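Have a look at the model first, and then we'll go through it together.

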Amino acid sequence: GHHMHGAICGVAEGETAFIRRRGAMTYHFDSYWFDDAKAQTYMGWVDRSMAAMRAHAGMPTYINYLGDNAPAAIRASYGRDYARLAQIKARLDPQNIFHRNRNINPAA
């Protein structure tokens with residue numbers, strides 16, 4: 001985990017898509033295994049652990065910590081800012097050329 005502090009915590013909500021509050025923590029699970037037969041068991045542990053931690057979260061998931069590239073997970077990561085970012089994307093990249101990331105689709 002990483003304790004959030006400093007200037008990043010002084011940015012008001014809506015000023016950037018990276019919202020962090022003073023005293024908050026970021027966390028992620030970094031897991032790996034060598035036996036493919038155990039992948040489902042180990043991923044079950046990761047999924048249960050993430051669900052347990054999510055119950056205590058007060059902020060959206062940091063986009064770079066997502067373990068899922070599904071559009072719903074990406075949208076949830078940006079929270080209320082997603083719609084604003086989709087509008088910006090529609091203005092600056094309407095053809096969605098820059099999509100090889102955890103993509104924000106241009107607003108329709």
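Helices here are DSSP runs of H or I with at least four residues, numbered from the N terminus. Keep in mind that this is a predicted model.

Start with helix H2, residues 71-78, where Ala 73, Ile 74, Ser 77 and Tyr 78 are buried. Looking down the axis of H2, you'd find these buried residues within an arc of 130°, so they line one face of the helix.

The axes of the two helices, H2 and H3, come within 7 Å and cross at roughly 105°. That makes H2 and H3 roughly perpendicular to each other, because angles from 65 to 115 degrees count that way. On the H2 side, the contact uses Ile 74, Arg 75 and Tyr 78, while H3 brings Asp 81, Tyr 82 and Leu 85. Sorted by type, the residues of this contact are four nonpolar, no polar and two charged.

Now for the charges. Side chains of opposite charge can pair when their charged atoms come close. There are two salt bridges to find. In one, Arg 84 pairs with Asp 81, with the closest N and O atoms 3.0 Å apart. Both residues, Arg 84 and Asp 81, sit in H3, three residues apart, or about one turn of the helix. Arg 84 is partly exposed, at 31% relative accessible area, whereas Asp 81 is buried, at 6%. Another salt bridge joins Lys 89 and Asp 93, at 3.8 Å from N to O, and both Lys 89 and Asp 93 are buried.

Terms used
Residues are numbered from 1 along each chain as its sequence is written. This is a predicted model: local features need pLDDT of at least 70, side-chain atom pairs count only at pLDDT 80 or more; totals for chains, interfaces and linings use all residues. Side-chain values use heavy atoms; hydrogens and water are left out. Buried means under 20% relative accessible area, exposed over 50%, partly exposed in between (1.4 Å probe, protein chains only). The arc is that of the directions from the helix axis to the C-beta atoms. Axes are lines fitted to C-alpha atoms, for helices over the stretch in contact, and angles run from 0 to 180 degrees between N-to-C directions. Angles under 35 degrees count as roughly parallel, over 145 as roughly antiparallel, 65 to 115 as roughly perpendicular and the rest as oblique. Contact means heavy atoms within 4.5 Å. Ala, Val, Leu, Ile, Met, Phe, Trp, Tyr, Cys and Pro count as nonpolar, Asp, Glu, Lys and Arg as charged, and the others, Gly among them, as polar. A salt bridge is a side-chain nitrogen of Lys or Arg within 4 Å of a carboxyl oxygen of Asp or Glu.
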